[in-house]
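Colleague: I am new to reading structures. Could you walk me through this one and tell me where the labels come from?

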Amino acid sequence: MTGRTRVLLAAAASAVLVATAIGYIAVAANRRIDPVQGGVPVAATDRLLVRSTAADSTGRLAIVDRRNPTGPRFVSGVSCNRVYAAGGTALCLRPDGPLATFQLAVFDTAKLAAGNARDRVDYPLVGVPNRARVSPSGHLLAWTVFVTGDSYNNGRFSTRVGMLNTVTGDIVDTLENFAVTRDGSPYRATDENFWGVTFVDDNRFYATMSSAGHRYLVVGDVAAKTVRTLADNVECPSLSPDRTRLVFKAAIGGDPAKGWRLSVLDLATLARTPLAETRSVDDQAAWFDNHTVMYTVGRGAGRADVWSTAADGTGTPTILVPDAESPAPLWTDSPIG
């Protein structure tokens, strides 16, 4: 057992305490209080959770009304590099002290929105945070980090995905230990990298796998510890609320150096629909609802906005939440992860 695995397993032991908070969420999430900038808390129902990029609150988690996302916002005291939420659980990837180290923190969204932002559990991350996702139940967490030291990568950054079940305490140290089926045949390579998980439920998920110069969409099974390829040139997928489509970024011409184009994949037919957003978007987009996707567009010096566009490729992109990034829907029973 590696030292890194021991750290994660030791920390996971405390995660089993998380289940006791679930009853509170069901009650507290029903309160509805109008959001006020930096002041009055809001209920964790029918809202959007974002990471603020405003000059006076950069990095802090903020909550806006989905019906008026450009309006007043509640800014919490919690700071994160990346955030996502579902099923009453918010996953925060954040710095851990003054050194270049990081940690994973878990919050109840109802308590976060009520201004009582004490984390349920936190523990160290090995690597620099990049992506975060939560299963629809709020029980299963996934994170992507940049790491160095992989021998095949000549010291450059590679990516690694970990998972934690907050009910059982079970840890997936890395998806690189899963058995891979590529194009119907068993596959194993030293250069496998995984990133950008999105959950179907507490067992099934989609993610990106790269190997031999290709970036594949894979569908995975946590219990079986398996993944299989489904499509090529699909990165950072996010599952729609109705579970029929994925929004993803596709490398233009198959070359990430040329940028990415947001597109939607129909899971029944594998047909692809490029979206009206033609700027290069290096983000794991999320779903505002079944008809609209939302994503981050940077504008320099740490500033960014959340934009939205129609999921069928029509219309014109518009700013959804100014001075924000890393959006996640906050619904009492979130249908997506």
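Modeller: Gladly! Let's begin with a term: contact means heavy atoms within 4.5 Å. In that sense leucine 49 touches, among others, Leu61, Ile63, Val83 and Leu330, not counting residues up to four places away in sequence. This is a predicted model, where local features need pLDDT of at least 70, side-chain atom pairs count only at pLDDT 80 or more, and totals for chains, interfaces and linings use all residues. Residues are numbered from 1 along each chain as its sequence is written, and side-chain values use heavy atoms, with hydrogens and water left out.

Colleague: What makes cysteine 80 and cysteine 92 a disulfide?

Modeller: A disulfide is a pair of cysteine sulfur atoms within 2.5 Å. The sulfur atoms of cysteine 80 and cysteine 92 are 2.0 Å apart, so they form a disulfide. The structure holds one disulfide.

Colleague: Why is the disulfide of cysteine 80 and cysteine 92 called left-handed?

Modeller: The torsion about its S-S bond is about -115 degrees, so the disulfide is left-handed.

Colleague: How do you know whether cysteine 80 is buried or exposed?

Modeller: Buried means under 20% relative accessible area, exposed over 50%, partly exposed in between (1.4 Å probe, protein chains only). Cysteine 80 has a relative accessible area of 2%, so cysteine 80 is buried.

Colleague: And why does cysteine 92 count as buried?

Modeller: Cysteine 92 is at 0% relative accessibility, so cysteine 92 counts as buried too.

Colleague: What about cysteine 236?

Modeller: Cysteine 236 is at 1% relative accessibility, so cysteine 236 counts as buried.
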